[in-house]
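Subject: Handover of a structure, with notes on what was found

Dear colleague,

Please read them with the structure open beside you.

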Amino acid sequence: MRRLMTFAVSFAVVLGAGVAVAAVAPQFGYEQPVEDKTFDAVHTGVFGDPVEHEEPAPDEPVKDQPVKDEPVKDQPVKDEPVKDEPVKDEPVDQPPTDEDVTPPELVILSPDDGAVVETEMLTFRGETEPGARVFAGDWEAEVTDGGAWAITLKLRPGGNVATFTAKDAAGNVASARVSVTYEAPDRDILFSAHQKFGQSYEPYEIFWGTARPGALVVIESRFGSARTEAGPKGNWDAKVWFEGAPVGEPFRIVVESDTGRAEFTFTLKGERDHRFTAHQAKEENPDGWNVYWGTGHPGAVVDIRSEYGHAETKVRENGEWEVEVRFEAPTNTPFRVVASSGDASATFTFTIPARQYDFTAHQKYGSCGEELPYDVFYGTGKPGTVVEVESAYGSGRTEIGDGGQWELRVEFPGAPVGETFIVTVWNEGGSAEFRFIVTEK
């Protein structure tokens with residue numbers, strides 16, 4: 001019993017201190033090799049470097065003795081460290097990934113590429129991946145649950161390139177673009193017609209007025225006719241001769257265009273009696289000037305006089321006279337103007353209404369595909385005040401003219417293609433914001 005107990009204690013020491021059993025077994029006089037007591041840990045240095053020990057007896061080899069019924073757990077293979085070494089010839093498993101890297105589908109259904117339209121506000125429609133968002137610059141389209149999208153954009157006259165982007169929940173982006181030409185309709189200018197004389201010693205009359213730019217204006221009567229076209233700003237005028245018109249008999253004259261019609265009468269006078277007559281062109285004018293004309297004795301002086309301005313002229317050899325007069329008068333205050341020649345005179349009333357100098361600003365294009373992109377801004381405001389245009393990529397300033405009009409071209413060097421940015425226009429009378437995008441060159 002004593003020897004067995006001593007052996008048990010020695011065995012416990014081996015487990016605790018890691019000392020080879022083969023070094024202590026001989027002290028008990030065993031002649032057989034100690035079985036089940038040899039640990040590879042002695043050779044591999046599990047607890048540190050290999051432990052130096054005495055060699056076993058020649059006839060009692062201990063090395064490479066397997067441990068019976070007492071497997072050593074978690075013991076590494078001799079000289080084959082396991083740490084961080086993958087199994088040879090067996091690929092290391094990678095964690096599965098569900099990351100979406102596919103851009104969403106983006107289709108433009110209408111309008112067709114290269115379409116020509118006559119409406120300034122145009123609705124673009126298309127389809128995309130359900131759940132994706134669609135943008136035109138900074139503007140976002142409405143997208144249904146099924147992926148149908150629509151957005152209404154303002155076109156500039158001429159060619160336009162609309163670029164759209166679709167972005168899905170994973171951040172993937174797709175783009176598409178379509179070219180559209182906007183043929184802007186002619187400005188809506190009302191038709192008007194005016195007659196200068198009504199009667200004259202000379203067989204002709206002068207007409208003028210407004211009409212749609214480029215519109216044909218026809219003037220007809222029994223004794224003469226004429227045709228003319230309205231100019232780019234909608235103004236027109238014509239001189240019509242009436243050969244063979246009877247003296248002293250009024251006759252009808254019709255002035256007509258595609259958007260209006262007016263009728264006048266004209267009377268050819270007989271022998272000149274050189275009576276003094278006077279007429280006033282306008283009853284009010286914010287620009288402060290007026291035109292007076294009439295008849296009189298050839299060579300006679302005609303005087304146009306008022307508290308705020310006057311002018312003189314002479315009757316021409318044909319017995320007619322005409323003069324323009326500018327007045328420096330307070331606004332919205334009617335005043336008297338007297339036209340006289342000799343003992344004859346005529347009195348008129350004229351008013352200079354206050355001009356409204358409300359600040360306004362407009363953008364001409366909204367996009368540009370030139371090498372050096374630019375836009376033109378214009379509007380109205382108080383004369384002499386400054387208008388400033390600012391953006392992240394270009395700015396400018398100008399002064400409003402005497403007529404209350406302003407216009408400024410602003411270039412945007414370095415502006416990125418396809419990205420909408422804000423342009424701010426301001427004046428002491430107000431401010432406005434516009435959006436601008438550089439299309440592909």
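Is Ser257 buried or exposed? Ser257 counts as buried, because its relative accessibility is 10%, where buried means under 20% relative accessible area, exposed over 50%, and partly exposed in between, using a 1.4 Å probe and protein chains only.

Before going further, please keep in mind that this is a predicted model, in which local features need pLDDT of at least 70 and side-chain atom pairs count only at pLDDT 80 or more, while totals for chains, interfaces and linings use all residues. Residues are numbered from 1 along each chain as its sequence is written, and side-chain values use heavy atoms, with hydrogens and water left out.

To stay with Ser257 for a moment, this residue lies in strand β16, which covers residues 251–257; helices (H or I, at least four residues) and strands (E, at least two) are DSSP runs numbered from the N terminus. A polar atom of the Ser257 side chain lies 3.1 Å from the backbone oxygen of Leu216, a polar contact in the sense of a pair of N or O atoms within 3.5 Å, where within protein one must be able to donate a hydrogen and the other to accept it, and residues adjacent in sequence count only if both atoms are side-chain atoms. Not counting residues up to four places away in sequence, Ser257 touches Phe191, Ala211, Ala215, Leu216 and Val217, contact meaning heavy atoms within 4.5 Å.

As for the protein overall, it holds 2 helices and 32 strands, and buried residues make up 36% of its 441 residues. Among the contacts with a separation of 6 or more, 52% are between residues 24 or more positions apart. The protein exposes about 27500 Å², of which carbon and sulfur atoms supply 48%; accessible areas come from the Shrake-Rupley method with a 1.4 Å probe, and for residues only the protein chains shown count as cover.

Two other buried residues deserve a look. Asn427, found in strand β31 (residues 421–427), is buried because its relative accessible area is 6%. A polar atom of the Asn427 side chain lies 2.8 Å from the backbone nitrogen of Gly429, and, leaving aside neighbours within four places in sequence, Asn427 is in contact with Phe359, Thr385, Val386, Val387 and Ile400. Leu122, in strand β3, counts as buried at 12% relative accessibility. The C-alpha atoms of Leu122 and Thr152 are separated by 5.4 Å, although the two are 30 residues apart along the chain. Beyond four places in sequence, the residues that Leu122 touches include Pro111, Leu155 and Val180.

Most residues other than glycine have a negative phi, and most peptide bonds are trans. A cis peptide bond, with omega about 0°, joins Ser110 and Pro111, and Pro111 is placed in the loop between β1 (106–110) and β2 (115–117). Asn332, which is not a glycine, has a positive phi of about 60°; its place is in the loop between β22 (320–326) and β23 (335–341), and Asn332 counts as exposed at 53% relative accessibility.

Finally, the pockets. On a 1 Å grid over the protein atoms alone, a pocket is an open set of points where a 1.4 Å probe fits, with protein on both sides within 12 Å along at least five of seven lines, and lining residues have an atom within 4 Å of a point. The largest pocket has about 910 Å³ of space, a volume being the space filled by probe spheres set on the points, which are joined across faces, edges and corners. Of the 31 residues that line the largest pocket, Lys154, Leu155, Gln363, Tyr365 and Gly366 are the closest to its centre. Strand β8 gives the most to this lining of the largest pocket, with 5 residues.

The second largest pocket has about 330 Å³ of space, and its lining includes His194, Trp208, Trp289 and Glu322. Strand β19 gives the most to the lining of the second largest pocket, with 3 residues.

With best wishes
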